[in-house]
Amino acid sequence: MTAACGATSSAKVCMMRIHTTGQGRAAHRRSFATMQVRRGVGVTAATGGGAGDGSGVQKDRQSLRFKDSRTGVDVVLVGTMHYNPASIHLAASTVRGLSEADDLAAIVLETCPSRWAKTLKMQPKNALMRKLLDNEFQAATEAAEPDVRIVLGDQRIEDLSVSAKAVLKLTWEEFTNPLGGGWARLLANWQAGYAREVAGVPGAGLTAGDLLFDWRLALCMPVSLFRYPLAWALKSPKVIIPFAAFVFGLEQLPGLVPQGAVDVASGAYVATAPETAVSALFLVLDVLQVVFLSQLFLKALLEVRNDILARSIRTACQDAIAASAAAGARSDDEVGAVVAVLGAAHLNGVQYRLMEGEEDVGGGGGDAAWWIEETAATERAAGAALPL
C-alpha cells in the first residue's frame, strides 16, 4: 500500500511503501541487539532515557540506534567520513539490512535539494564520475527499495552563507569588545556548544576512539582525502578557487618583503620592518583563525544544521507513524526505523536533540530551542524530499 506525496511541516515527501509486518520488525530488532552483544559493543537496556541518560542506545562502529524521545520511533544515525569507502559500506549495509528485514521507514540524508540535484546530475548511477566520487548518500539510497522515502534533511546551501555571515559578524563584535564581556561570552558559547554538539549525550554517543581506532576508516582515509577536495573543486569552483588563491597569496607574502640579515657583531638575525610586520600579521591571523573558525564550526556548521537535521528526522518519524496508522498498523512495532546518513561530526548533536525528554520543553533549551519554535527561517532552511 502506498501513501501519496505531500508537504510536511519541514519537508516535502515522496511516495513510500507502508509495511505491516510488525512481527518481522520486532524479531529484527532483537537480532540487531544480539548481534551488537556478540561483537562486544556496549548495548544497554531499552529503558527510554532522556538527554542525560545513555540507556537504550545500540552502537555498531559509527552507527547509533535509539528511540526518538517524542515519537518512540527507532532512529539509526550512521556517522560517516565523507567519501570514505568504509563509511560508504557501513551506510549501504545498514540500509540494506533494514530493508531486507522490512524495518526501514525512511532515509534522511545530510544534503539539500540543490546539492542533491547537482550530485545526481554530475554523477548518475553507473557513470564514471559516480565511481570516481562514490559517496555514502548515493550508496545508501541505491541500497534501499525504490519506493522508500528519501528526505533531504539538511540546511539549504543557499542559507548556509547567510548563517555563516551572521556568526562571523557576532564573533567579531564580541572579539572586539573584551572589556564589555565579549571574550567571556565567546568562551561560554564555545563551552556550551562543545558540550551539546560534540560531547552530546553522556555515555551514549560516538567517541574519538570510535573513529580513530577503526582500522577500516584509517585504511581508506587517503581515498577520502582525495575525493573530498576533488568534489569541492568540481561542484563549487566559485568557493574553492578564491580560497586557494588566498592561501597561495599568504604563502608567498614572506618572500615579497625585504629580508633581514645576520648582525656581524652579535651574530643575531635582524629582521627588517616589513618582515616584522608580516610576522605580526601571521600571529594575528593565527589567533583570529582559532577564534573565528571554532565559532563558525560550532555555530553555523553544527548547531544550526543539527537543529534542522534533527527536525527533519523527527518529522520523518511522525510521518512514518501516520502512514503506518493509515495502513492499518496495530502496534508501534509495525513502524520501521528512520535511518539518517550524516557526517560523523553531526551525530552526537543530533542524537542529543532527539533523546531529550519532554521535561526539557519550556526549560533551559531542549525541545523548546529547536522543535517547538517554528520560524520562517528554519522552515525555509529545512530540506525537502525528492524522488530518485
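The model is predicted, so local features need pLDDT of at least 70 and side-chain atom pairs count only at pLDDT 80 or more, whereas totals for chains, interfaces and linings use all residues. Residues are numbered from 1 along each chain as its sequence is written, and side-chain values use heavy atoms, with hydrogens and water left out.

The protein has 14 helices and 12 strands; helices (H or I, at least four residues) and strands (E, at least two) are DSSP runs, numbered from the N terminus. Of its 388 residues, 44% count as buried, a term that means under 20% relative accessible area, with exposed over 50% and partly exposed in between (1.4 Å probe, protein chains only). The accessible surface is about 19000 Å², and 65% of this area belongs to carbon and sulfur atoms; such areas come from the Shrake-Rupley method with a 1.4 Å probe, and for residues only the protein chains shown count as cover. Among contacts (heavy atoms within 4.5 Å) between residues at least 6 apart in sequence, 76% join residues at least 24 apart.

Two packed helices are described by the angle between their axes and the distance between the axes. Axes are lines fitted to C-alpha atoms, for helices over the stretch in contact, and angles run from 0 to 180 degrees between N-to-C directions. Angles under 35 degrees count as roughly parallel, over 145 as roughly antiparallel, 65 to 115 as roughly perpendicular and the rest as oblique. The axes of α9 (residues 215–235) and α10 (residues 237–252) lie 6 Å apart at an angle of about 110 degrees, and the two helices are therefore roughly perpendicular. Trp-232, Ala-233, Leu-234 and Lys-235 of α9 form this contact with Pro-237, Val-239 and Ile-240 of α10. For α6 (residues 157–175) and α7 (residues 182–199), the axes come within 7 Å and cross at roughly 135 degrees; this pair is therefore oblique.

The structure holds zero disulfides (pairs of cysteine sulfur atoms within 2.5 Å). Cys-220 counts as buried at 18% relative accessibility, as does Cys-317 at 0%.

Asn-84 lies in the loop between β7 (74–80) and α2 (85–100) and is buried, with a relative accessible area of 0%. Not counting residues up to four places away in sequence, Asn-84 touches Arg-216, Leu-217, Cys-220, Met-221 and Ser-224. The C-alpha atoms of Asn-84 and Glu-136 are separated by 7.9 Å, although these residues are 52 apart along the chain.
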